[in-house]
Structures are given as structure tokens and as C-alpha cells.
Amino acid sequence: MRLDTADMARIRAQCGVALDWTQSEFVQKRRPGQMRKLFVGDHWDDALSDEHRVTVNYTLTNILVKYCSLSYGEPEIHLVALNQEREGDTPLVEAHLRSAWRRIKADLALKSVLLDKLIYGTGWTAVHWRKDERGVRGRRRVTYDDAFVRRVRPDRIGWEPEVLDFEEAQYCVEQVFLPVARVQADTRFSNTESLKGRPLEETE
């Protein structure tokens with residue numbers, strides 16, 4: 001389905017509402033910072049005590065035990081064919097997916113997402129197809145042409161504001177900060193000649 005200008009304007013406005021909610025309910029209330037402090041134990045009072053005390057950070061211990069247990073090894077991939085004619089292809093496709101998993105090093109990003117899930121209660125993964133080229137002796141050489149998995153920060157994503165369950169959302173939106181030169185060099189964007197950026201610390 002191709003979206004017209006009115007559809008894009010409506011979705012752009014709704015995406016703004018979704019990101020505003022994420023900023024107001026998740027970021028401005030300092031929930032990520034509070035959860036990180038709870039994880040590492042910085043929420044305790046630093047005052048000295050006259051008594052001998054031993055403090056155990058059960059939050060950190062429990063999270064790390066779950067993280068190590070769940071992230072150990074590669075996931076099992078099991079497919080079910082949609083029809084009997086394709087049942088013979090299932091082992092081949094499963095083997096291909098296992099090979100692709102290792103080739104694109106998907107476990108590196110997903111382990112970070114798993115830690116997000118255990119600390120913040122939510123974890124997000126983005127899957128792209130990326131093609132990188134590099135000039136070598138006057139020629140363009142493809143250095144990467146494959147699927148690409150990356151972690152998405154929980155405080156920079158929102159979804160369709162009309163739904164309560166993410167499974168029912170028709171779209172989601174991610175807030176991304178890019179260098180001005182990269183935006184101007186991207187042919188997908190237009191009217192970027194007068195675009196001005198700001199220091200990254202102002203956007204954090």
C-alpha cells in the first residue's frame with residue numbers, strides 16, 4: 001500500500017504523540033536512571049554505620065543469573081511448514097537460518113536487548129538489510145551486504161498511540177540522532193541544505 005501526503009502527515013503527527021508519551025512517562029520521570037541505580041546498587045544511602053552490616057544486591061545477582069542462563073549458547077530454531085509440499089525444505093531452511101545467525105552475529109545485539117528487558121522491563125531489536133561499500137584503488141568494493149541486527153534504546157521508541165497492546169499497533173517509531181553531514185548525503189531526505197545540528201549532549 002502506498003501512502004499519500006495526507007496519510008504521511010497523519011502518521012507523522014501520531015508518531016510525535018507516541019514519542020512525546022515516551023519522553024514524559026519514561027524519560028522525564030527518570031525511570032531508566034532509577035532502574036539502572038537499582039540494578040547496580042546506587043540507590044543505597046552512603047552514610048556510615050556504627051554497626052557491622054553486610055548488604056547483598058539481590059537485584060543485580062538475580063538479573064545476572066537470568067541473563068547468563070538465557071544468553072548461553074545459540075537459540076534452537078524449529079520451523080513448521082505451512083503445507084505438506086514444503087515439509088521437505090524445513091531442515092534446509094533451519095540450517096540456513098542457523099548459519100545466518102552466526103554470520104551476522106545477531107547474538108551480540110540480542111544479548112544487549114535481553115539485558116534491557118531484565119533491567120528496564122522492555123527490550124527492542126531492529127532488523128535491517130545493510131549494504132556498505134568502500135572505495136579501493138578507484139573501485140567500489142562491497143564490504144557488507146546482509147541482514148543487520150541492532151539494539152534499540154527503550155527510551156527512544158514509541159508506537160501507535162491509539163492502541164493499548166503493542167501487538168495491535170500498525171506501526172512504531174524510533175527517535176534517531178544522526179550527524180548533519182550524513183543526513184545531507186542521504187538521498188532519501190530533501191531540502192537539507194540549510195539544516196543545522198546541535199551538540200549531542202543537548203539531545204541526550
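A pocket, as the word is used here, is an open set of grid points where a 1.4 Å probe fits, with protein on both sides within 12 Å along at least five of seven lines. Keep that in mind for the second exercise. The model you are looking at is predicted.

**Exercise 1. Get your bearings**

Task: Find how many helices and strands the chain has, and in what order the elements run.

Solution: 
- Step 1. Start with the count: there are seven helices and four strands in the chain.
- Step 2. Now walk from the N terminus, and the order reads α-α-α-α-α-β-β-β-β-α-α.
- Step 3. Confidence is highest in α4, at 90, and lowest in helix α7 (residues 200-203), at a mean of 51.
- Step 4. Finish with burial: 23% of the 204 residues of the chain count as buried.

**Exercise 2. Explore the largest pocket**

Task: Describe the volume of the largest pocket, and name residues and elements that line it.

Solution: 
- Step 1. The volume of the largest pocket is about 1100 Å³.
- Step 2. Its lining is made of 29 residues, and V176, F177, L178, R182 and V183 are the closest to the pocket's centre.
- Step 3. Turning to elements, at least two lining residues come from each of β1 (124-136), β2 (139-152), α6 (180-185) and α7.

**Exercise 3. Follow the salt bridges**

Solution: 
- Step 1. Recall the idea behind the pairing: side chains of opposite charge can pair when their charged atoms come close.
- Step 2. Look at R103 and D146, whose side chains meet in a salt bridge at 2.5 Å, N to O. Because R103 belongs to helix α4 and D146 to strand β2, this pair ties together parts that are 43 residues apart in sequence.
- Step 3. Check the cover of each partner.
- Step 4. End with D132 and R130, joined by a salt bridge at 3.0 Å, N to O.

**Exercise 4. Visit two loops**

Task: Locate L79 and K196, and classify each as partly exposed or exposed.

Solution: 
- Step 1. L79 sits in the loop between α3 (58-71) and α4 (90-103).
- Step 2. Its relative accessibility is 36%, so L79 counts as partly exposed.
- Step 3. Together with V93 and L97, L79 makes a nonpolar surface patch of about 200 Å².
- Step 4. K196 is found in the loop between α6 and α7.
- Step 5. Exposed means over 50% relative accessible area; K196, at 76% relative accessibility, therefore counts as exposed.
- Step 6. Compare K196 with P179: the two are 17 residues apart in sequence, and 9.7 Å separates them in space, C-alpha to C-alpha.

Terms used: Residues numbered from 1 in each chain as written. Predicted model: local features only at pLDDT ≥ 70, side-chain atom pairs only at ≥ 80, totals over all residues. Heavy atoms only, no water. Patch = residues over 30% accessible without salt bridge, like charges linked within 9 Å, V, L, I, M, F, W, Y side chains within 5 Å. Areas by Shrake-Rupley, 256 points an atom, 1.4 Å probe, with all protein chains shown as cover. Salt bridge = Lys/Arg side-chain N within 4 Å of Asp/Glu carboxyl O. Buried < 20%, exposed > 50% of the residue type's maximum accessible area, 1.4 Å probe, protein only. pLDDT = per-residue confidence, 0-100. 1 Å grid on protein atoms, 1.4 Å probe; cavity = no way out; pocket = protein on both sides within 12 Å on 5 of 7 lines; lining within 4 Å. Points joined across faces, edges and corners; volume = space filled by probe spheres on them.
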